[in-house]
Amino acid sequence: MPRTFRAAIWRGESDGAAVFGVEEVEHLSDLRPHYVEVRVTASSISISDHLFLRPENQGGRAPLPQVLGHGGVGIVERVGAGVERLKAGDRVLMYGTPQCNECWYCRNGRADWCTEIQFVGPPIARTLDGLDVHASSAVGSFAEYAVVPQSQLVAVDTPLSDDELAFLTISGSSGIGPALIVAPVRAGSVVAVVGLGPCGLSYLQAAKLAGARQIIGVDPVPARRELALSLGATNVVDPTNEDPIAAVRALGPDRGGLFGTGADVVFEATTTTKGMQQAWEMAPAGGTVVLSSVPFDMTASVEFPATPFACQGKTVHGSQQGGFAIGRDTPMAIELMEARRLDFGALIDATYALDDIASALDDVAAYRIVAGSLHLDG
């Protein structure tokens, strides 16, 4: 193990812009109890990391500097005291959401809200000018090495590629979880997916797997609508060319009554408050809405019409990590991926080296790619 390693470090803001770049940092000599050092081989590139760098979202994100990146795959290098189920040489997935199996949430089937979840972890390295480096979500996967709590790691033995596995740790699990866990899609349901990015397209695949008879995809990007059709969408809607609410209501079934048109289940992954509001409008009375994305301005609020919101009986779910319990649900996801019933490889259309991380985040934010993977192993 080298004395130093390279990492994408966020130092904060200067003149209204994020100070962010690749630096050499030093390993800490000792590992905290229950922490594991991982040689990172691939990291998923999520729009969430871009959102953290936006000045309007930087409040409360201290301490700095930080290594960004909150999901990936790698090989265990060494383990701290108290680590019992992992050893050097294990291939592991690194998730931003832990599963401790001891807190109230874990013991009651809601490990997606495990009390060990952290926005920012403790120091895991030191800059060459002597500053402690913290890890975003206690992962920090935009680096050659990561130091991660055992509760956020899952060992795997699979021929699946690093890119596919890294994708599972963020967008894959966050996408399939709502269709299979949060608000399970029933056979014969009509589903609308608003936002055909990595989460939306993962949800689409899971809804098809669950037996949805009609899947309506909504997105302004032509290539994403075409990809959705190839993955099982029965209809697509261009929201720049027609009213997406009216289109989904027209394409979906009419259940009768005053407010009975729309999709049975509407999944939203748009990164906009407008998309969240539209998703709610697309569901009929008694329908189900899953709000999954975080808007570009993370301080923004969403408004819904008060009387319909109170009276139409729609069920609205939030979706942290898709309700995915990493220890419980990773084996299920791996099995589906190995059988190609979930094809995450079809969604990864760009790969990047660590030195290209700023460009990668720009590409994600500008919707120039569907999903990117950061390669850190050669």
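Which strand holds threonine 41? Threonine 41 lies in strand E3, residues 35-45. The model is predicted.

Threonine 41 is buried, because its relative accessibility is 6% and the cut-off for buried is under 20%. Setting aside residues up to four places away in sequence, threonine 41 touches Val73, Gly74, Ile75, Asp162, Leu374, His375, Leu376 and Asp377.

**Helices H3 and H4**

Two packed helices are described by the angle between their axes and the distance between the axes. The axes of H3 and H4 come within 7 Å and cross at roughly 45°. That makes H3 oblique to H4. The crossing is right-handed.

| Helix | Residues | Residues meeting the other helix |
|---|---|---|
| H3 | 162-182 | Phe167, Ser171, Gly172, Ser174, Gly175, Ile176, Pro178, Ala179, Leu180 |
| H4 | 198-209 | Pro198, Cys199, Ser202, Tyr203, Ala206, Ala207, Leu209 |

By class, this contact of H3 with H4 has 11 nonpolar, five polar and no charged residues.

In soluble globular proteins, nonpolar side chains tend to be buried together. The largest nonpolar core here has 46 residues, and Leu168, Leu201, Tyr203 and Leu204 touch the most other members. Elements giving two or more residues to this core are strands E6 (91-95), E11 (190-194) and E14 (265-268), along with helices H3, H4, H5 (222-230) and H9 (326-338). Another core lies apart from it, with 32 residues, among them Val38, Val40, Val139 and Leu374.

What does tyrosine 203 contact, beyond its neighbours within four places in sequence? Its partners are Gly175, Ile176, Pro178, Ala179, Val185, Val191, Val193, Val265 and Phe267.

Definitions and conventions: Residues are numbered from 1 along each chain as its sequence is written. This is a predicted model: local features need pLDDT of at least 70, side-chain atom pairs count only at pLDDT 80 or more; totals for chains, interfaces and linings use all residues. Side-chain values use heavy atoms; hydrogens and water are left out. Axes are lines fitted to C-alpha atoms, for helices over the stretch in contact, and angles run from 0 to 180 degrees between N-to-C directions. Helices (H or I, at least four residues) and strands (E, at least two) are DSSP runs, numbered from the N terminus. Angles under 35 degrees count as roughly parallel, over 145 as roughly antiparallel, 65 to 115 as roughly perpendicular and the rest as oblique. A crossing is left-handed if the near helix is turned anticlockwise from the far one by less than a right angle, and right-handed if clockwise. Contact means heavy atoms within 4.5 Å. Ala, Val, Leu, Ile, Met, Phe, Trp, Tyr, Cys and Pro count as nonpolar, Asp, Glu, Lys and Arg as charged, and the others, Gly among them, as polar. A nonpolar core is a set of buried Ala, Val, Leu, Ile, Met, Phe, Trp, Tyr and Cys residues joined through side-chain atoms within 4.5 Å. Buried means under 20% relative accessible area, exposed over 50%, partly exposed in between (1.4 Å probe, protein chains only).
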